[in-house]
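Keep the viewer open as you read.

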Amino acid sequence: MEEGISLATLVILIVFALFLLAIFTGGYNKQVLERFRSHWLWEWITTVDHKKIGIMYLAAGGLFFVIGGIEALLIRMQLFYPNNDFMVGDTFNELLSMHGTTMIFFVAMPLLFALMNVAIPLQIGARDVAFPFLNSLGFWLFFAGGVLLNFGWIFGNAPDAGWTNYVPIALNEYSPGTGIDYYVLGLQISGIGTLIGGLNFLVTIINMRAPGMSLLRMPMFTWTSFIASALILFGFPPLTAGLILTMFDRLFDANFFDVVMGGNPVVWQHLFWIFGHPEVYIVILPAFGIMSEVISTFSKKRLFGYTSMVFATVLIGFLGFMVWAHHMYAVGMGPVANSIFAVATMAIAVPTGIKVFNWLFTMWGGKIQYTTAMLFACGFIPTFVLGGVTGIMLASPPGDYQYHDSYFVVAHFHYVLVGGTVFGIFAGCYYWWPKMFGHVLNEKLGKWHFWLFFIGFHMTFFVQHFMGLFGMPRRVFTYQPEDGLTLINQISTVGAFLMGFSMIFLFWNLIQSARKAEPCGDDPWDGRTLEWALPSPAPEYNFAQMPKVRSIDALWYEKMKGNKGPEPSEPLQRIHMPSPTHWPFVMTVGFFIAGLGFVFRANEVATMGLLMVFTTMFVYSFEQDHGYYIEVDELKKSKKGAKA
């Protein structure tokens, strides 16, 4: 432990010294920075272009998806045989904790943020997000938090208290070492980034819509992302508060959760689930929006019941904050509290059901085109409905007493989060890929990916309902041959490997499509919303002239009127753009150093990291950078090039 602290301290001191050197020798010298700006890596580090930041979210989320997927396969390998000793004890607990944490915080969230960054400003006719600097800072903080969390594997002490990190298991008495500290500090750093991102999207959608784009003309993906961003704004602070209390208990010997000293561990459960259940809707609502866009586009019909879908989304967001304690029926809150949360939980089925029927009615009578994106949307509907049905079963307190902490619960939330969120992410990636990179993905390979993933998913998780009903607890690393669970576990493991095998088709698709990179045109899907009126990929300024929106499905409306695209709402004039900046990255390095310092109990290093953060904020506040302009002549050249 002492060697780890001294090594970490030495590395951090060197980085901090280099930072101070950069501040005092090159911070105000533009020539020093210009030497690096020609390098492609510097361009991506300093970018504030929302489309490039979306691609970085996509790449980072994909990296963590691979890590989380490998962790899942190792878990299933351990459970292939009874009394297997492949991954046991603490190692299994670490795998289980890291898999859940990675998939929720560092896969689902960033991949959805990727699609939101790429699509939302284009859908509402904006040239950028409201706060480009904060958009960049949000990404780097998220990425730094994910890297810090996974440092636990490198230093041999990963979090092991489950993705929910329940106390007192997560306190020093039962989890000594640095494992839980990686969890606490990593999630705090990434959580700040997520909170910044949610606030940014809220302001962007409220303030930066094109003329004529009223709230009830916004695309459904924009609407669902707007509500999800509101949930982030109100849901993440309780988690942050809980993480800070845990950090003080572990690092500074506070007693917030120590019963002997007057603390209360149930407070952590309330704080966690006040965040934790809205988090489900934070990651599922944007997926609902993706499904609405994809189903409407490939059914060649306007979304059925658009207004009811909007109000159903708002209602889901509102009710999402009233159901957190259904995770805590077994805590002992009493029959009155349990009944209130049971009723509120069951009520969410109503607006969710509205959405499902609206998707079905949208497809009814439509000229359905079964692209890969549409296949994921069609697979999403029955899969998510099954997850919702088991959710209603779990909403009943007497039933939940039987299902609680069994594999039935594992099956339920994977049907919702994988069958819902991941299916939605895949659909969105295939759908918006041409707008990000200028070429479509191969449909044949995409359909292989879908069918193998779809079949493997149901093989993996459908049988887990029966594991739970047969009495297999979750979070256990072994079982006995006489339990009669061997065959079911083996089917589940084979299904998990089939899902993993399907990803090979996706990665090969990405490589092959990038090699060929055949231009697909501006509107390969005959789309309905404004992003398909732009070149693929979109220019850095998005719209040379702000569009005038005259109806819902703005581009489709213009097509029906015989127009090539929306009418401009302004004359062609020079466009102001924000300058790239390295300060978000530098500030994030400071947060990362502070996090490592706290993890290794090196308070002087943590202080240096925080000093680096505040120094960066101070220096940036005096930077005289007012962006740059794209002149009319350059815009005219770009228009001619796009037409050619």
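**Helix pairs and the residues between them**

Start with helix α10 (residues 306–319) and helix α12 (residues 349–363), whose axes come within 8 Å and cross at roughly 150°. Before going further, a word on the source: this is a predicted model, in which local features need pLDDT of at least 70 and side-chain atom pairs count only at pLDDT 80 or more, while totals for chains, interfaces and linings use all residues. Residues are numbered from 1 along each chain as its sequence is written, and side-chain values use heavy atoms, with hydrogens and water left out.

Helices here are DSSP runs (H or I, at least four residues), numbered from the N terminus. The axes are lines fitted to C-alpha atoms over the stretch in contact, and angles run from 0 to 180 degrees between N-to-C directions. With angles over 145 degrees counted as roughly antiparallel, α10 and α12 are therefore roughly antiparallel to each other. Their crossing is left-handed (the near helix is turned anticlockwise from the far one by less than a right angle). On the α10 side you will find S308, M309, A312, T313, L315 and I316, which meet P351, T352, I354, K355, N358 and W359 of α12; contact means heavy atoms within 4.5 Å. Sorted by class, the residues of this contact are seven nonpolar, four polar and one charged. Ala, Val, Leu, Ile, Met, Phe, Trp, Tyr, Cys and Pro count as nonpolar, Asp, Glu, Lys and Arg as charged, and the others, Gly among them, as polar.

Now move to helix α4 (residues 50–78) and helix α5 (residues 89–123), where the axes come within 7 Å and cross at roughly 155°. That makes α4 roughly antiparallel to α5, and the crossing of the two is left-handed. Their contact has 22 nonpolar, ten polar and two charged residues.

Within α4, look at I53. I53 is buried because its relative accessible area is 0%, where buried means under 20%, exposed over 50% and partly exposed in between (1.4 Å probe, protein chains only). The C-alpha atoms of I53 and N117 are separated by 7.0 Å, although the two are 64 residues apart along the chain. Beyond its neighbours within four places in sequence, I53 touches T47, V48, N117, N135, S136 and F139.

Q78 also belongs to α4. Is Q78 buried or exposed? With a relative accessible area of 0%, Q78 is buried. Its side chain reaches the backbone oxygen of N84 at 2.8 Å, and a polar atom of that side chain lies 3.1 Å from the backbone nitrogen of F86. Setting aside neighbours within four places in sequence, the contacts of Q78 are N84, D85, F86, M87, V88, F92 and F477.

Over in α5 sits T91, which is partly exposed, with a relative accessible area of 35%. T91 and D160 are 69 residues apart along the chain, and their C-alpha atoms are separated by 8.1 Å.

Finish with helix α16 (residues 443–469) and helix α17 (residues 486–516), which pack at an angle of about 160° with their axes 7 Å apart. The two are therefore roughly antiparallel to each other, and α16 passes α17 in a left-handed crossing. The contact of α16 with α17 divides into 22 nonpolar, ten polar and no charged residues.

Key. Angles under 35 degrees count as roughly parallel, over 145 as roughly antiparallel, 65 to 115 as roughly perpendicular and the rest as oblique. A polar contact is a pair of N or O atoms within 3.5 Å; within protein, one must be able to donate a hydrogen and the other to accept it, and residues adjacent in sequence count only if both atoms are side-chain atoms.
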